[in-house]
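Trainee: I would like to go through the aromatic contacts and surface charge here. Please show me the sequence and structure.

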Amino acid sequence: MNKTLKIYIAVLVLILALILIADREQPKPIDWTPTYSVNDKIPFGLYVFNNEINDFFKNHTVERISDLTPYEYLNSKYDNDSLLENYKIKGTFLNISESNTIDEESVNELLYFVSRGNNAFLSMKEFPKYLLDSLKVEVNADYLNSGNTTVWLANSQLKDKKYKFVQTLEDYFSKIDTAKVTVLGYQLSSIKKAKKHVNFIKIPYYQGYFFLHTQPVAFTNYNLLKANHYQYTENVLSCLPEGDIFWYTKGQNNERISESPLRYILSQPGLKWAWYFFLFGMLIFIIFNAKRKQRIVPILKPLPNLTVDFTKTIGNLYYQEGDHTNIIDKKIIYFLEKMRNEYLIDTTKLDDHFIQKLHHKTGKNVTDIQELVFLINEHRKSYHGSLEEDLIRINNAIEKILH
């Protein structure tokens, strides 16, 4: 190992050591990603709610749906054998997420589930479009510069209890049928001259109800542990009818685990940056050493194409002899042989079927192909010697197809 390489390695090790020491003293940054995962303890996870949900719904069973879609789960609970043909379960379907996690087929099943006397509570910022269209509801979103929104319930006993949430987007219901829809909650942003918006509604659907809520942040770890915000969550859930809860958590359990052998290194900020610097240092080392030790690559002249020269010589001999018929025959034989080998076309009969097949495989103009076939057939039928003009015409026609 030469002296230069030792210096490179020493400098690299020193840099990595300094990075690890500096990173060790730094507090771990807070992850504000809105995952809404039941296993995440970050601010916008549902770890606390997952552990406290049984207290929110006392005397009722809470079943988590974590490995099936709503369609797969609800369809498996449908009783086709009984005379009533109804679901074996009764209660409220619950889903809390940042955006829509329910496919259209599951939305249809959910609509049918609610229509048979059950309920659905969905708290999310982006609802399934198909569901909104079916319920004739529209949702809008406004950007907030200040990032604060005050929320409260419409209940006369709770309207004075207001809670402030920190967020950058204010989602609310911009269009509802006031004759059918019951408004359960409102929100107001801190922007000057801001208007009060509806954020919690109850919509009748045949024999059941849909409860739509645009503030899923109310169920996150950050808000459940902040001051008295848990009271808002309790009051929202108290609006639901009595019954069992079927909580849809599929896609919110961190099911996707990296299979990379470096997953632990990449999951730790210090080790991750150490790995990146190691790769960067190795790249610099390889570049500098490859540049200094690379051998000279000799320039090799390409071999001359003697076949082309031979072909030109033979062509000149035929042309000087003036045997135009023989040259035309050779040109036709070469052309047909190329069609057989390259396009796998039968050249026994040069008819309309041949023309169409050649057109589809080469993409050449049909008129040009028809002209070439006509000239070839005319040449074969003629019993007198061909002229130079015939050779030129057939040669030009062949060139149009081959080039």
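Trainee: Is Tyr-73 buried or exposed?
Mentor: This is a predicted model. The relative accessible area of Tyr-73 is 4%. The cut-off for a buried residue is under 20%, so Tyr-73 is buried.

Trainee: Which class does the aromatic pair of Tyr-73 and Phe-246 belong to?
Mentor: Phe-246 is buried too, at 4% relative accessibility. Tyr-73 sits in helix α3 and Phe-246 in strand β11, 173 residues apart. Their ring centres are 6.2 Å apart and the planes make an angle of 45 degrees. Planes under 30 degrees apart count as stacked and over 60 as edge-to-face, so this pair is tilted.

Trainee: How many aromatic pairs are there?
Mentor: Rings pair if their centres lie within 6.5 Å. By this rule the count of aromatic pairs is 21.

Trainee: What is the geometry of the pair formed by Trp-32 and Tyr-222?
Mentor: The centres of the two rings, Trp-32 and Tyr-222, are 5.6 Å apart. Their planes stand at 70 degrees, so the pair is edge-to-face.

Trainee: How far apart in sequence are the parts that Trp-32 and Tyr-222 tie together?
Mentor: Trp-32 is partly exposed at 44% relative accessibility, and Tyr-222 is partly exposed at 29%. Trp-32 lies in the loop between α1 and α2, while Tyr-222 is in helix α6, so the separation is 190 residues.

Trainee: Which helix holds Glu-104, a member of the negative surface patch?
Mentor: The patch also includes Asp-67, Glu-72, Asp-103 and Glu-105. Glu-104 belongs to residues 104-115, which form helix α4.

Definitions and conventions: Residues numbered from 1 in each chain as written. Predicted model: local features only at pLDDT ≥ 70, side-chain atom pairs only at ≥ 80, totals over all residues. Heavy atoms only, no water. Patch = residues over 30% accessible without salt bridge, like charges linked within 9 Å, V, L, I, M, F, W, Y side chains within 5 Å. Areas by Shrake-Rupley, 256 points an atom, 1.4 Å probe, with all protein chains shown as cover. Salt bridge = Lys/Arg side-chain N within 4 Å of Asp/Glu carboxyl O. Lys, Arg positive; Asp, Glu negative; His and termini not counted. Charge placed at Lys NZ, Arg CZ, Asp CG, Glu CD. Helix = DSSP H or I, 4+ residues; strand = E, 2+ residues; numbered from the N terminus. Phe/Tyr/Trp six-rings, centres within 6.5 Å; stacked < 30°, edge-to-face > 60°. Buried < 20%, exposed > 50% of the residue type's maximum accessible area, 1.4 Å probe, protein only.
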